Amino acid sequence: MSERPRNDDPDPTDAFDELVEAETDRDPDLAVIEAGSRTLRAQAGPPQGDPIPTRPADPEVDRALRAVEEELAGRWGETKLDPSVKRIVALLDVLGSPQRAYPSIHITGTNGKTSTARMIEALLGAFDLRTGRYTSPHVQSITERISLDGSPVSAERFIETYRDIAPYLEMIDAQQEYRLSFFEVLTAMAFAAFADAPVDVAVVEVGMGGTWDATNVIDGDVAVVTPISLDHTDRLGETPEEIAGEKSGIIKKDATVVLAQQPVDAASVMLKRAVEVDATVAREGMEFGVLSREVAVGGQMLTLRGLGGEYPEIFLPLYGAHQAHNAAVALAAVEAFFGVGSDHARTLDIDTIRSAFAAVASPGRMEVVRRSPTVVLDAAHNPAGARAAAEAVTEAFGFSRLVGVVGTSDDKDVRGLLEAFEPIFAEIVVTRNSSHRAMDPDELAAVAVEVFGAERVQVEPRLDDALEAAITLAEEEGEFSGAGVLVTGSVITVGEARLLLGRN
């Protein structure tokens, strides 16, 4: 195990040090880089048309947004839960139940929720429906969590929505045993913003689990369950079956359930719940699925089987078999929403479907942010996600040598994640992000040494130094060597690396 010496910048205003100091006491999902960084040699021609918002250019708006972020950060973070929806129900009641103003598609699962939500949103929008999308956590900006018509709400609208409901927060806080949490307040903001827009349909991703999640106050016409695996085991259960029991709570009476491929015991739980509430079930591999897929420049070409028939020649600008399966799930969910497979059997307009999928973006998921050497970001943070990422990067890029940059949270299955990446990483640079939940780099390195061996592990406590070190290692083989870098381990790590590498 080696630690590359570096020359510390003596300037006390160094942005990375400011970042770490400023973020240490904040909610982990508010931990984003909000200041500049010293210029990295790693910066090189990032792609254009970024769907992630920057900080507001207007200083007054930026100050107001920071004030809202600070107030939200003062509440319970998303990792501290009280298994009850009574607080969010009480808040929404005084707000006039905005979540009842539109139909919803509700999404749970362990991996793939956000990418699937973005695909569903794109498909619905292509059919001229006004959409609201609520997802978490964010990659860089808190405003990403609430989107209208495919774009994050503006900072001004985010601030206005918070201020509109703020007086009611105090009222509910005073009535309840515990104050409303960070996630509960954001959930209420999203539902209020969607009603105010108004939207034709809301695409809502659970925060964690299902039954007791703050989003589970909606009656989703369609319930989507992406693949279930082990994550948040201390809160949701230690087996796929137990986790499925918690997540099955989003399946409501007479809804349509769209099930991605699941472990047998998890699928059994979901099917039992569907029978109990008289829900209709569509299963990947049975009623819908991926018929074929081929790697293509910038993504993959798919033939999908939907509930109403086949959809050939679908270009998806995302990498990996897992994204192809997410696309099949998203298509089935939208078909179910439109009544395909129940009220009538026909395919949706193929040109509209093709156009929608071709425009999908999922920042931080197998996202290329630099070339020569190529740097890829992926927010895999559990073993199942890491296995999918490892397969995707191997298939899509074929690097001659791949260097990993890994920064994880301390409550994850770190060994399982590292073991999934061990076959594809020639070397690994362990680091940390600015969150107080980040695993100490030395502790992470100790696990990495057991998995990779000391000669393949390098420690860089600062993320900017870790990126620099990894790019240097990738460049050692020469300009045309085909080496690359994969930054992974946490959504927060990916978000911060994204900014350091020149995105926004």
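These legends describe close-up views of a predicted model. Local features need pLDDT of at least 70, side-chain atom pairs count only at pLDDT 80 or more, and totals for chains, interfaces and linings use all residues. Residues are numbered from 1 along each chain as its sequence is written, and side-chain values use heavy atoms, with hydrogens and water left out.

**View 1. Eight strands make an open, mixed sheet.** The order is E4-E3-E2-E5-E1-E6-E7-E8, and 8 strands take part. Helices (H or I, at least four residues) and strands (E, at least two) are DSSP runs, numbered from the N terminus. Two strands pair if DSSP finds at least two bridges between them. Strand E4 (151-152) and strand E8 (280-283) are the edge strands, each pairing on one side only. Strand E1 (residues 104-108) runs parallel to strand E6 (residues 222-225), with 4 bridges between them. Here isoleucine 107 faces valine 224 in E6. Helix H4 (residues 113-126) packs on this sheet. H4 touches E1, strand E2 (131-134), strand E3 (146-148), strand E5 (201-205) and E6 (contact: heavy atoms within 4.5 Å).

**View 2. Helix H2 has a capped end and a set of buried residues.** H2 (residues 59-73) has 15 residues. Aspartate 58 caps the N-terminal end of H2, with a side-chain oxygen 2.8 Å from the backbone nitrogen of glutamate 60. Which residues of H2 are buried? They are Val61, Asp62, Ala64, Leu65, Val68, Glu69, Leu72 and Ala73. Buried means under 20% relative accessible area (1.4 Å probe, protein chains only). These buried residues pack against helix H5 (155-175) and helix H6 (182-196). An α-helix has 3.6 residues a turn, so residues three or four places apart point the same way.

**View 3. Helices H3 and H6 pack against each other.** H3 (residues 86-94) meets H6 at an angle of about 35°, and their axes are 10 Å apart. Axes are lines fitted to C-alpha atoms, for helices over the stretch in contact, and angles run from 0 to 180 degrees between N-to-C directions. H3 contributes Arg87, Ile88, Leu91 and Leu92 to the contact. H6 contributes Glu184, Thr187, Ala188 and Phe191.

**View 4. Three strands form an open antiparallel sheet.** The order is E9-E10-E11. Strand E9 (289-296) and strand E11 (310-316) each have a single partner strand, so one side of each lacks a neighbour in the sheet. E9 and strand E10 (residues 299-305) pair over 7 bridges. Serine 292 sits opposite threonine 303 in E10. Helix H10 (residues 321-337) packs on the sheet and touches E9, E10 and E11.

How values were computed: Expected span 1.5 Å × (residues − 1). Buried < 20%, exposed > 50% of the residue type's maximum accessible area, 1.4 Å probe, protein only. Polar contact = N/O pair within 3.5 Å; in protein donor to acceptor, adjacent residues only side chain to side chain.
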